[in-house]
Every structure is written in structure tokens, then in C-alpha cells.
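Subject: Handover of a structure and a summary of its contents

Dear colleague,

Please find below the structure that I am handing over to you.

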Amino acid sequence: MIEKLVLVINNALTQTQEHAHDVTEHITDTALVATDHAADTLHAVAGHAVDTLHAVAGHAGEAAGHGGGHAPELPNWLELAHILFPSSITDWLMVWHVPIFSAVVILFLSFFCIKVYRKRTLIPGKLQNFLEFIVEALSNLIVGILGEHGRKYVPFLGTLFVYIFVMNVMGLFPGMFSSTSKLNTTLALAICVFLYVQLEGIKAQGLWGYIFHFMGSPKSAVEWCLVPLNFPLHIIGELAKPISLSLRLFGNISGEDMLLAIFVGLGILMTSAFHPPAWLPGIPLHVPFIFLALLTSFVQALVFTLLSTIYFSLMTHHEEEEHH
Amino acid sequence: MGAELLLPLTVAIAAVGSGLGLGKAVGMAMEAMGRQPEAAGKIQTGMIIGAAFIEALTIYALVAVILLK
């Protein structure tokens with residue numbers, strides 16, 4: 001949280017200030033004019049550092065405190081780097097911070113899984129056991145809904161669950177940011193699922209069977225007459241699926257992030273009247289909401305995965321009808 | 001009767017609807033679980049999916065309010 005961030009920065013800065021102090025005294029022993037110059041410069045540096053600390057705390061308070069027209073958000077490492085070292089590189093990092101944090105999750109998960117996969121043994125160690133448990137649980141869940149032939153979708157849907165869950169939870173770490181709290185990430189995931197489901201639908205039922213399904217599977221003359229009504233209805237229903245998937249995930253995760261930010265701001269606001277020390281800017285009122293955020297993150301990842309599985313089953317269940 | 005009053009009221013009304021729907025859904029799920037405890041796992045899964053659908057409607061209202069504010 002912000003208090004820890006402020007604490008770390010304050011520690012570094014007090015050390016810098018002490019250093020500055022020692023150096024100043026040493027130079028005072030040698031020459032007078034040089035002393036004045038050095039003292040002024042070091043004082044300016046220390047002053048700038050302290051100003052930056054206040055700027056960081058102020059930004060944190062501002063970003064968390066007032067909603068205004070901009071959704072309140074806790075600051076992340078890239079924002080901090082942008083404040084401390086304003087340059088074109090940190091500008092670019094700030095512009096792309098959403099995909100960058102998503103890439104961090106991908107790299108972390110890949111590294112973790114590849115490390116376990118390389119050293120896999122028949123009798124698993126603790127880490128391999130944990131990953132096997134997750135894979136088996138997801139596999140049972142998906143095969144339970146899709147049937148045995150759903151096994152080929154388990155990698156896609158399982159990865160979806162793990163990726164979304166880790167991305168959601170990452171926002172709760174101090175200085176990190178969950179990419180799913182922005183619409184672009186969730187829309188990208190929903191579009192991936194949508195395109196894959198349509199592709200699988202075409203593969204499972206053939207092009208004519210796919211269009212037939214969109215016309216409502218007419219079997220009698222009355223149903224054939226209703227086709228012009230059924231067709232747009234089904235298309236809108238299909239398009240509503242990725243929209244609802246993405247908006248649900250985006251709304252839930254950005255809502256929980258906003259909740260945390262507002263309560264952090266409230267905690268800082270409550271003690272700001274008493275001019276607290278820099279290492280304890282406020283009361284951590286947001287802690288109970290972190291547990292709520294953990295629950296919401298897990299449930300939303302699960303719901304995204306389950307709904308995608310159900311869309312697959314809806315699109316490809318005609319294949320099973322032939323087997324009966 | 002400006003936007004500052006009506007926009008949060010929108011979310012509140014959506015929340016009422018979703019509260020009623022969720023109460024009914026979860027209540028029915030609990031009853032079914034009580035009647036047949038061995039099917040509790042499947043019922044729970046179905047309940048979570050249903051709850052997500054119902055909750056999503058309130059989230060749509062919230063997103064609309066955020067976009068308009």
C-alpha cells in the first residue's frame with residue numbers, strides 16, 4: 001500500500017539527507033566559498049527530493065481522494081517512475097502501462113510453469129503438485145460441462161481462468177495494477193473467446209449448419225416464415241455475448257479497484273488534519289475490502305471461464321445430438 | 001432533479017432489481033441443495049453462473065453511470 005511505498009522512499013531520502021549533511025560538514029572544514037556553493041546545491045537536491053516525496057504522497061492522495069471526472073485509482077510503479085524521473089521513456093511507459101502490466105503477468109506465469117515443466121518427475125514435488133491440482137480441477141470442471149470431447153478446449157479455457165485470476169489479484173499488491181480493470185484488456189479477451197467459439201461452431205456444424213442454427217433451426221413451414229425475425233435476433237444474441245463478458249469483468253474489477261482507492265483516500269483524509277508523520281499518512285481503512293476484492297477476483301475469473309465453456313457447449317452440442 | 005441526483009439513483013434502482021433476483025435465485029438453490037445434498041456441487045456451480053448473469057445487469061448500469069459522469 002501507499003504507506004509502505006512512502007516508508008521506503010522516506011528511508012532512502014533520510015539516508016540521502018544524512019549523507020548530504022556529512023558531506024556538507026567535511027567541505028566546510030576546507031574552504032569557505034566552496035562550502036557555501038556545495039551546501040546550497042546539496043540543500044537544493046535534498047529539498048527537491050523531499051518535494052518529490054510530498055508530490056508522490058499528494059498524487060496518491062489526489063488520485064485516491066476525489067473522483068471528479070476521472071475514476072480514482074491507486075498509483076502503480078510506472079506512475080511512480082514517471083513522477084520521480086520525468087522523461088520520454090517513462091511517458092511512453094505510462095501510455096502503454098495496461099499492456100505492460102499484462103505482459104508482466106504473462107512473463108511471470110510462463111516462467112513459473114516452464115520452470116516446473118522442465119523438472120517434472122513422476123512423483124511430483126510441492127510446486128508441481130500445486131500446478132497439477134489446478135490443472136486437474138480446471139480439467140474436471142470443463143470436461144464436466146463439455147463432455148469428453150471438450151478436452152481439446154481445456155488448454156484455452158484453463159489458461160483463460162489462470163490468466164484472468166492472476167491479473168485480477170495483481171491489482172491488490174502495492175504498486176501493481178490489474179490490466180482487467182481497463183476495458184481494452186477484457187474486450188480483447190472476450191473477442192478472442194467470441195472468434196474461437198464461432199470458428200468451432202463452423203467446424204462442428206459446417207457452414208450451412210452454422211447458418212441454419214442462426215435461423216433458429218426451422219423444421220416446419222411456420223418456422224421458415226419466422227426466419228427473417230429469428231436471424232437478426234440470434235445475431236444480436238451472439239454479439240451480446242462478448243459485450244456482456246467484457247463489461248461484466250471490466251465493471252467488477254474496476255469497481256473493486258475504485259473501492260480500494262476511495263477507502264485509501266478516506267484513510268489518508270481522516271488523519272490529514274492532525275499532520276501525521278510521513279511514515280504513517282493514514283489509517284488503513286481499506287483492509288476489509290481487500291478480502292472482498294480477492295473473492296470478487298476469483299468469482300469473476302471463474303464466471304468468465306464458465307460462461308465461455310457454456311458458449312462452446314451451445315455452439316457444438318449439435319455434434320452430440322448425432323451421436324444419440 | 002439534476003444529473004447529480006438521477007445518476008446514482010439509476011445504479012440504486014438497478015441494485016434493487018438485482019438484489020431481488022439474486023435473493024430468489026440463491027434461495028431456490030439453497031432449497032434444492034437441501035432436498036438433494038448429493039447434487040450440491042452441480043447446483044452450486046449453476047447458482048454461481050446464474051448469480052453472475054444477474055449481477056452483470058447492475059454492473060452495466062454502473063458502467064453507464066461512470067461513462068456519463
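In chain A, helix α6 (residues 126–146) and helix α7 (residues 154–170) have axes that come within 10 Å and cross at roughly 120 degrees. Axes here are lines fitted to C-alpha atoms, for helices over the stretch in contact, and angles run from 0 to 180 degrees between N-to-C directions. From α6(A), the residues A:V135, A:L138, A:S139 and A:I142 meet A:V154, A:L157, A:G158 and A:F161 of α7(A). Two residues are in contact if their C-beta atoms, placed from the backbone, lie within 7 Å. By class, the residues of this contact are six nonpolar, two polar and no charged. Ala, Val, Leu, Ile, Met, Phe, Trp, Tyr, Cys and Pro count as nonpolar, Asp, Glu, Lys and Arg as charged, and the others, Gly among them, as polar.

Some notes on the model are needed here. This is a predicted model, in which local features need pLDDT of at least 70 and side-chain atom pairs count only at pLDDT 80 or more, while totals for chains, interfaces and linings use all residues. Residues are numbered from 1 along each chain as its sequence is written, and chains are lettered from A and ligands numbered from 1 in the order in which they are written.

Chain A as a whole has 11 helices and zero strands. Helices (H or I, at least four residues) and strands (E, at least two) are DSSP runs, numbered from the N terminus. Of the 324 residues in chain A, 24% are buried. A residue is buried if 20 or more other C-beta atoms lie within 10 Å of its own, exposed if 12 or fewer, and partly exposed in between.

The largest nonpolar core has 34 residues, and A:I164 and A:F304 have the most contacts inside it. Such a core is a set of buried Ala, Val, Leu, Ile, Met, Phe, Trp, Tyr and Cys residues joined through C-beta atoms within 7 Å. At least two residues each come from α5 (97–118), α6, α7, α8 (183–214), α10 (227–272) and α11 (287–323) of chain A and from α2 of chain B. The most, eight residues, come from α11(A). Leaving aside neighbours within four places in sequence, A:I164 is in contact with A:T180, A:A301 and A:F304.

In chain B, helix α1 (residues 3–35) and helix α2 (residues 40–68) have axes that come within 9 Å and cross at roughly 180 degrees. This makes α1(B) roughly antiparallel to α2(B). Their contact has 20 nonpolar, five polar and one charged residues.

Between the chains, 10 residues of chain B are in contact with 13 residues of chain A. The side of chain B that touches chain A has nine nonpolar, no polar and one charged residues. At an angle of about 70 degrees, α10(A) packs with α2(B), their axes 9 Å apart. That makes α10(A) roughly perpendicular to α2(B).

One residue of helix α2 of chain B is B:A56. Not counting residues up to four places away in sequence, B:A56 touches A:S244 and A:R248. B:A56 counts as partly exposed because it has 19 C-beta neighbours inside 10 Å.

Yours sincerely

Notes
Parallel < 35°, antiparallel > 145°, perpendicular 65-115°, else oblique.
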